[in-house]
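Morning, everyone. I have one structure to show, and I will take it feature by feature. Please have a look at it first.

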Amino acid sequence: MSAVFKCVPFSGLPDYSAEEMQKRAESFKELMEGRRTIRDFCSKPVDRAVIETAVATAGLAPSGANKQPWHFAVISNPEMKRKIREAAEIEEREFYSGKASEQWLKDLEPLGTDPHKPFLEIAPYLIVVFQQNYDLDPETGDKIKHYYIQESVGLACGFLITALHNAGLATLTHTPSPMGFLRELLGRPKHEKPVMIIVTGHPAEDATVPLEALNKKDLDRTSSWFE
(Lines give C-alpha, C1' and ligand atoms only; values in the text may rest on other atoms or scores of the structure.)
Protein backbone atom coordinates (compact mmCIF):
# COMPACT_ATOMS: atom_id res chain seq x y z
CA MET A 1 0.00 0.00 0.00
CA SER A 2 1.26 3.48 -0.88
CA ALA A 3 2.36 5.75 1.94
CA VAL A 4 -0.16 8.39 2.97
CA PHE A 5 1.00 11.94 3.56
CA LYS A 6 0.76 13.02 7.18
CA CYS A 7 -1.47 16.10 7.25
CA VAL A 8 -1.25 19.07 9.59
CA PRO A 9 -3.67 21.96 10.09
CA PHE A 10 -3.32 24.71 7.49
CA SER A 11 -2.76 28.17 8.87
CA GLY A 12 -0.74 29.82 6.15
CA LEU A 13 -3.09 32.68 5.22
CA PRO A 14 -3.96 35.74 7.29
CA ASP A 15 -7.66 36.52 7.65
CA TYR A 16 -7.66 39.79 5.68
CA SER A 17 -10.75 41.94 5.39
CA ALA A 18 -12.22 42.41 1.92
CA GLU A 19 -10.75 45.93 1.83
CA GLU A 20 -7.28 44.73 2.80
CA MET A 21 -7.47 41.93 0.20
CA GLN A 22 -8.24 44.43 -2.54
CA LYS A 23 -5.53 46.80 -1.33
CA ARG A 24 -2.93 44.03 -1.39
CA ALA A 25 -4.12 42.78 -4.79
CA GLU A 26 -3.81 46.27 -6.26
CA SER A 27 -0.40 46.81 -4.66
CA PHE A 28 0.95 43.57 -6.11
CA LYS A 29 -0.50 44.38 -9.54
CA GLU A 30 1.25 47.75 -9.39
CA LEU A 31 4.52 46.01 -8.55
CA MET A 32 4.16 43.63 -11.49
CA GLU A 33 3.18 46.42 -13.87
CA GLY A 34 6.77 47.60 -13.53
CA ARG A 35 8.21 44.30 -14.75
CA ARG A 36 9.69 44.44 -18.24
CA THR A 37 11.92 42.18 -20.24
CA ILE A 38 15.34 43.83 -20.35
CA ARG A 39 18.01 43.05 -22.95
CA ASP A 40 20.61 45.57 -21.81
CA PHE A 41 22.28 44.63 -18.53
CA CYS A 42 25.22 46.03 -16.62
CA SER A 43 27.83 43.98 -14.79
CA LYS A 44 27.00 45.39 -11.35
CA PRO A 45 27.33 42.50 -8.87
CA VAL A 46 24.33 40.92 -7.19
CA ASP A 47 24.56 39.28 -3.78
CA ARG A 48 24.41 35.51 -4.15
CA ALA A 49 22.02 35.32 -1.19
CA VAL A 50 19.40 37.23 -3.19
CA ILE A 51 19.62 34.71 -6.04
CA GLU A 52 19.54 31.78 -3.62
CA THR A 53 16.38 33.12 -2.00
CA ALA A 54 14.71 33.64 -5.39
CA VAL A 55 15.57 30.10 -6.50
CA ALA A 56 14.29 28.74 -3.19
CA THR A 57 11.06 30.66 -3.81
CA ALA A 58 10.75 29.04 -7.24
CA GLY A 59 10.99 25.67 -5.53
CA LEU A 60 7.79 26.49 -3.60
CA ALA A 61 5.70 26.32 -6.79
CA PRO A 62 2.96 23.67 -6.98
CA SER A 63 3.78 20.57 -9.00
CA GLY A 64 2.11 17.36 -10.10
CA ALA A 65 2.01 14.95 -7.13
CA ASN A 66 4.57 17.25 -5.46
CA LYS A 67 7.36 15.70 -7.55
CA GLN A 68 9.05 19.09 -8.12
CA PRO A 69 10.37 18.15 -11.58
CA TRP A 70 12.88 20.96 -11.96
CA HIS A 71 16.53 21.80 -11.56
CA PHE A 72 18.03 25.30 -11.56
CA ALA A 73 21.63 25.63 -12.74
CA VAL A 74 22.91 29.01 -11.55
CA ILE A 75 25.91 30.43 -13.41
CA SER A 76 28.05 33.40 -12.43
CA ASN A 77 31.41 32.00 -13.60
CA PRO A 78 32.65 34.26 -16.45
CA GLU A 79 34.19 31.43 -18.46
CA MET A 80 31.02 29.35 -18.33
CA LYS A 81 28.94 32.36 -19.31
CA ARG A 82 31.25 32.90 -22.28
CA LYS A 83 30.82 29.28 -23.39
CA ILE A 84 27.05 29.54 -23.08
CA ARG A 85 27.02 32.72 -25.13
CA GLU A 86 29.18 31.21 -27.86
CA ALA A 87 27.00 28.11 -28.13
CA ALA A 88 23.77 30.10 -27.98
CA GLU A 89 24.86 32.48 -30.71
CA ILE A 90 25.58 29.56 -33.03
CA GLU A 91 21.95 28.50 -32.70
CA GLU A 92 20.75 32.09 -32.98
CA ARG A 93 22.63 32.69 -36.24
CA GLU A 94 20.95 29.63 -37.73
CA PHE A 95 17.59 30.82 -36.44
CA TYR A 96 17.85 34.26 -38.01
CA SER A 97 19.38 33.01 -41.26
CA GLY A 98 16.81 30.38 -42.19
CA LYS A 99 15.21 28.45 -39.34
CA ALA A 100 12.66 31.11 -38.42
CA SER A 101 9.65 31.77 -40.63
CA GLU A 102 9.21 35.15 -42.30
CA GLN A 103 6.24 35.87 -40.05
CA TRP A 104 8.24 35.07 -36.91
CA LEU A 105 11.06 37.39 -37.98
CA LYS A 106 8.52 40.08 -38.83
CA ASP A 107 7.00 39.80 -35.36
CA LEU A 108 10.46 40.11 -33.80
CA GLU A 109 11.40 43.15 -35.89
CA PRO A 110 9.90 45.79 -33.54
CA LEU A 111 11.95 44.34 -30.68
CA GLY A 112 15.22 44.86 -32.55
CA THR A 113 16.61 41.42 -31.66
CA ASP A 114 19.41 39.75 -33.61
CA PRO A 115 21.85 36.81 -33.19
CA HIS A 116 24.13 38.76 -30.86
CA LYS A 117 23.48 38.02 -27.17
CA PRO A 118 26.03 40.01 -25.12
CA PHE A 119 23.76 39.91 -22.07
CA LEU A 120 24.71 36.26 -21.60
CA GLU A 121 28.17 37.45 -20.53
CA ILE A 122 27.40 40.88 -19.08
CA ALA A 123 24.61 40.02 -16.64
CA PRO A 124 25.98 38.71 -13.32
CA TYR A 125 23.74 35.63 -13.25
CA LEU A 126 22.26 33.15 -15.68
CA ILE A 127 19.76 30.65 -14.33
CA VAL A 128 19.21 27.69 -16.62
CA VAL A 129 15.92 25.96 -15.85
CA PHE A 130 15.76 22.22 -16.54
CA GLN A 131 12.68 20.05 -16.54
CA GLN A 132 13.20 16.57 -15.15
CA ASN A 133 11.27 14.11 -17.31
CA TYR A 134 11.68 11.62 -14.48
CA ASP A 135 13.83 11.27 -11.39
CA LEU A 136 16.10 8.53 -10.12
CA ASP A 137 15.89 6.97 -6.68
CA PRO A 138 19.23 7.85 -5.03
CA GLU A 139 19.45 4.42 -3.40
CA THR A 140 18.15 2.00 -6.04
CA GLY A 141 18.54 3.98 -9.24
CA ASP A 142 14.94 3.17 -10.17
CA LYS A 143 12.99 5.67 -12.23
CA ILE A 144 10.54 7.89 -10.38
CA LYS A 145 7.65 9.03 -12.56
CA HIS A 146 6.82 12.72 -12.84
CA TYR A 147 3.46 14.27 -13.75
CA TYR A 148 2.37 17.49 -15.44
CA ILE A 149 6.02 18.28 -16.00
CA GLN A 150 5.74 21.25 -18.35
CA GLU A 151 2.96 22.83 -16.33
CA SER A 152 4.89 22.41 -13.08
CA VAL A 153 8.12 23.84 -14.48
CA GLY A 154 6.22 26.74 -16.03
CA LEU A 155 4.77 27.59 -12.64
CA ALA A 156 8.22 27.46 -11.04
CA CYS A 157 9.61 29.79 -13.72
CA GLY A 158 6.82 32.25 -13.00
CA PHE A 159 7.61 32.13 -9.29
CA LEU A 160 11.31 32.70 -10.06
CA ILE A 161 10.80 35.68 -12.37
CA THR A 162 8.38 37.25 -9.89
CA ALA A 163 10.78 36.72 -6.97
CA LEU A 164 13.65 38.31 -8.90
CA HIS A 165 11.51 41.29 -9.90
CA ASN A 166 10.30 41.70 -6.32
CA ALA A 167 13.95 41.83 -5.22
CA GLY A 168 14.60 44.70 -7.64
CA LEU A 169 16.34 42.74 -10.41
CA ALA A 170 15.68 42.81 -14.13
CA THR A 171 15.07 39.58 -16.03
CA LEU A 172 15.12 38.21 -19.55
CA THR A 173 13.89 34.81 -20.66
CA HIS A 174 16.18 33.50 -23.39
CA THR A 175 15.32 30.35 -25.32
CA PRO A 176 17.84 29.46 -28.03
CA SER A 177 16.68 26.47 -30.05
CA PRO A 178 17.78 23.76 -29.72
CA MET A 179 19.16 23.98 -26.19
CA GLY A 180 20.81 20.60 -25.80
CA PHE A 181 24.21 22.30 -25.51
CA LEU A 182 23.20 23.57 -22.07
CA ARG A 183 22.82 20.07 -20.70
CA GLU A 184 26.25 19.15 -22.05
CA LEU A 185 28.02 22.30 -20.85
CA LEU A 186 26.49 22.09 -17.37
CA GLY A 187 26.89 18.34 -16.96
CA ARG A 188 23.22 17.59 -16.38
CA PRO A 189 21.85 14.03 -16.85
CA LYS A 190 20.03 12.88 -19.98
CA HIS A 191 16.62 12.81 -18.28
CA GLU A 192 16.76 16.58 -17.81
CA LYS A 193 15.77 18.97 -20.60
CA PRO A 194 16.73 22.66 -20.59
CA VAL A 195 13.69 24.86 -21.14
CA MET A 196 15.00 28.41 -20.74
CA ILE A 197 17.78 30.67 -19.56
CA ILE A 198 16.64 33.36 -17.14
CA VAL A 199 19.13 36.21 -17.36
CA THR A 200 19.09 38.45 -14.30
CA GLY A 201 20.87 41.43 -12.84
CA HIS A 202 20.69 45.21 -12.93
CA PRO A 203 19.66 47.00 -16.13
CA ALA A 204 22.23 49.13 -17.94
CA GLU A 205 21.87 52.88 -17.41
CA ASP A 206 20.84 53.30 -21.04
CA ALA A 207 18.52 50.27 -21.12
CA THR A 208 15.29 50.77 -23.05
CA VAL A 209 12.15 48.76 -23.73
CA PRO A 210 9.95 49.01 -26.83
CA LEU A 211 7.01 51.34 -26.28
CA GLU A 212 4.70 48.65 -27.63
CA ALA A 213 5.78 46.33 -24.81
CA LEU A 214 4.10 48.66 -22.34
CA ASN A 215 0.72 47.90 -23.89
CA LYS A 216 -0.96 44.85 -22.41
CA LYS A 217 -4.27 43.39 -23.53
CA ASP A 218 -7.30 44.59 -21.61
CA LEU A 219 -8.89 42.31 -19.04
CA ASP A 220 -11.98 41.84 -21.21
CA ARG A 221 -9.78 40.32 -23.92
CA THR A 222 -7.84 37.99 -21.64
CA SER A 223 -10.59 36.67 -19.37
CA SER A 224 -14.13 35.28 -19.39
CA TRP A 225 -16.43 35.50 -16.39
CA PHE A 226 -19.29 33.11 -15.64
CA GLU A 227 -21.35 34.46 -12.75
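UniProt, in an unreviewed entry, lists residues 33–202 as "domain: Nitroreductase". UniProt positions here follow the numbering used in this talk, feature names are shortened, and such annotations may be inferred rather than shown by experiment.

Before going on: this is a predicted model, where local features need pLDDT of at least 70, side-chain atom pairs count only at pLDDT 80 or more, and totals for chains, interfaces and linings use all residues. Residues are numbered from 1 along each chain as its sequence is written, and side-chain values use heavy atoms, leaving out hydrogens and water.

Over residues 33–202 the chain is 41% helix and 21% strand, with the end C-alpha atoms 18 Å apart. Helices (H or I, at least four residues) and strands (E, at least two) are DSSP runs, numbered from the N terminus.

Now the pockets. Rolling a probe the size of a water molecule over the atoms shows where empty space is left. On a 1 Å grid over the protein atoms alone, a pocket is an open set of points where a 1.4 Å probe fits, with protein on both sides within 12 Å along at least five of seven lines; lining residues have an atom within 4 Å of a point. Grid points are joined across faces, edges and corners, and a volume is the space filled by probe spheres set on the points.

The largest pocket holds about 370 Å³ of space. Of its 18 lining residues, Glu-92, Leu-108, Lys-117, His-174 and Thr-175 lie nearest the centre. Which helix gives the largest share of this lining? Helix 3 does, with 4 residues. Helix 3 (78–99), helix 4 (102–108) and strand 5 (170–174) each supply at least two.

The second largest pocket has a volume of about 270 Å³. Its lining has 17 residues, and Arg-39, Asp-40, Leu-111, Gly-112 and Phe-119 lie nearest its centre.

Last, the backbone. The peptide bond from Ser-177 to Pro-178 is cis, with omega near 0 degrees. Pro-178 sits in the loop between strand 5 and helix 7 (180–186).

Asn-66 is not a glycine, yet its phi is positive, about 55 degrees. Asn-66 is in the loop between helix 2 (48–58) and strand 1 (70–75). At 46% relative accessibility, Asn-66 is partly exposed; buried means under 20% relative accessible area, exposed over 50%, and partly exposed in between (1.4 Å probe, protein chains only).
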